[in-house]
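Please look over the sequence and the structure, then read on.

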Amino acid sequence: MNKTEIYILSGFLGSGKTTLLKQLLEDEKKQGRKVAVMMNELGKVSIDSDSVDEDVPLKELLDGCICCTISDKLEAQLQELLTVEKPEAIYIETTGAAHPVEVLDSILSPLFADRMIVKGIISVVDGPRWLNRKSLSPQVQQLLIEQVRHADLIVLNKADALTEAEQALLTMEIQALNSHAFNILTSYSKVAMKQIRGLSPGEKRDPAHSHVFSDLKLSTYVYQFQNPVNQSDFEDFLRSLPDTVYRIKGYLKLHPSNYPFLFQFSYGMPLYMQEHINMPLNIVFIGENLDWGIIEQQLFALEEKAAESL
Ligand SMILES: Nc1nc2c(ncn2[C@@H]2O[C@H](COP(=O)(O)OP(=O)(O)OP(=O)(O)O)[C@@H](O)[C@H]2O)c(=O)[nH]1
């Protein structure tokens, strides 16, 4: 099964995300690839959807942020795109107010996380706004920092509105915050497609039943259970995890129950909810600076141990 590539476009309001999206779509069209777009806007009316050609499947999520108020709607629309349109890539333009970890959390539904590969987060930075960020509220400043810190590719935009010295300062400040990401200084978000395709987070290693997109910074990992596990061993495993595992969610079978549980874990608190039908036993992890290979081995060992005790 070919996985659909997911690209997340993040960046503050007015930074140039839609300008970037338009170019990416033109480029994809030239390549003849089938792509789809999801756009999230905070208002009730879509402003940017005209930027997308009619032949590109488009889902709009209006009047709320995908990372909080409308994440159920996002799940339904994403599932529809994946099952009906089956595009090779989906570009998700987030609202400027979205936090990257929460966006990943909303996108990676355990129902279909195994059908996607998150290629990366592309953050567009509004150069002049960044350099004048001290005039913004502390919360907004923090959000701008988070959008830079978690990006895989950073588009330093509106270079035309900056002097050379300001461009150098901008580049230096951004690199100091995130040295792993590739930075591109641009005007009108002009980025070559090969720089976007160069995002190859999943290609380091790709075990048959999982995907890994990076182990250096913010990354996601999907594990598919084949067998039940023992609850107490699973909880020992949870306690042993590094603090940089921010979120875990998915379905798992706890020996000896026949039906799966929906499992949620954030801020160290596990929560189980019994399901009464079978579900895909995908479990999704989101974290930072993690060696997913070790976590994969531990999960596999939990399954083996439960099978031996049968
Ligand atoms: N001077 C200058 N203006 C730019 C540049 N890139 C984009 N703009 C303008 O900035 C405005 C916002 O650009 P958009 O691409 O709509 O930004 P956005 O991030 O999608 O905005 P929201 O959807 O409102 O969050 C538009 O008027 C663009 O024409 C640039 O590099 N330089």
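This is a predicted model: local features need pLDDT of at least 70, side-chain atom pairs count only at pLDDT 80 or more; totals for chains, interfaces and linings use all residues.

## Helix α9

Which residues of α9 are buried? They are Trp292, Ile295, Leu299, Leu302, Glu303 and Ala306. Viewed down the axis of α9, these buried residues fall within an arc of 95°, so they line one face of the helix. Ile294, Gln297, Glu304 and Glu308 are exposed on the other side of α9.

## The protein as a whole

The protein contains nine helices and 13 strands. It has 310 residues, and 39% of them count as buried. Among contacts with a separation of 6 or more, 74% are between residues 24 or more positions apart.

## Two domains

The domain assignment divides the protein into domain 1 (4-197) and domain 2 (205-308). Where the domains meet, 13 residues of domain 1 are in contact with 18 residues of domain 2. On the side of domain 1 that touches domain 2, α3 (100-107) and β5 (116-126) each supply at least two residues. The element that gives the most to this side is α3, with four residues. By class, this side of domain 1 has nine nonpolar, two polar and two charged residues.

## Helix α3

Is α3 largely enclosed or open, and how many of its residues are buried? Six of its eight residues are buried, so α3 is largely enclosed by the rest of the structure. The buried residues are Pro100, Val103, Leu104, Asp105, Ser106 and Ile107.

## Around the ligand

Around the ligand there are 17 residues, of which Gly16, Lys17, Thr18, Thr19 and Lys158 come nearest. Which helix gives the most to this shell? That is helix α1 (residues 17-31), with three residues.

The shell around the ligand can also be sorted by residue class. Ten of its residues are polar, four are charged and three are nonpolar.

Terms used. Residues are numbered from 1 along each chain as its sequence is written. A residue is near a molecule or strand if its C-beta atom, placed from the backbone, lies within 6 Å of it. Ala, Val, Leu, Ile, Met, Phe, Trp, Tyr, Cys and Pro count as nonpolar, Asp, Glu, Lys and Arg as charged, and the others, Gly among them, as polar. A residue is buried if 20 or more other C-beta atoms lie within 10 Å of its own, exposed if 12 or fewer, and partly exposed in between; C-beta atoms are placed from the backbone. Two residues are in contact if their C-beta atoms, placed from the backbone, lie within 7 Å. Domain bounds come from an automatic or database domain assignment. The arc is that of the directions from the helix axis to the C-beta atoms.
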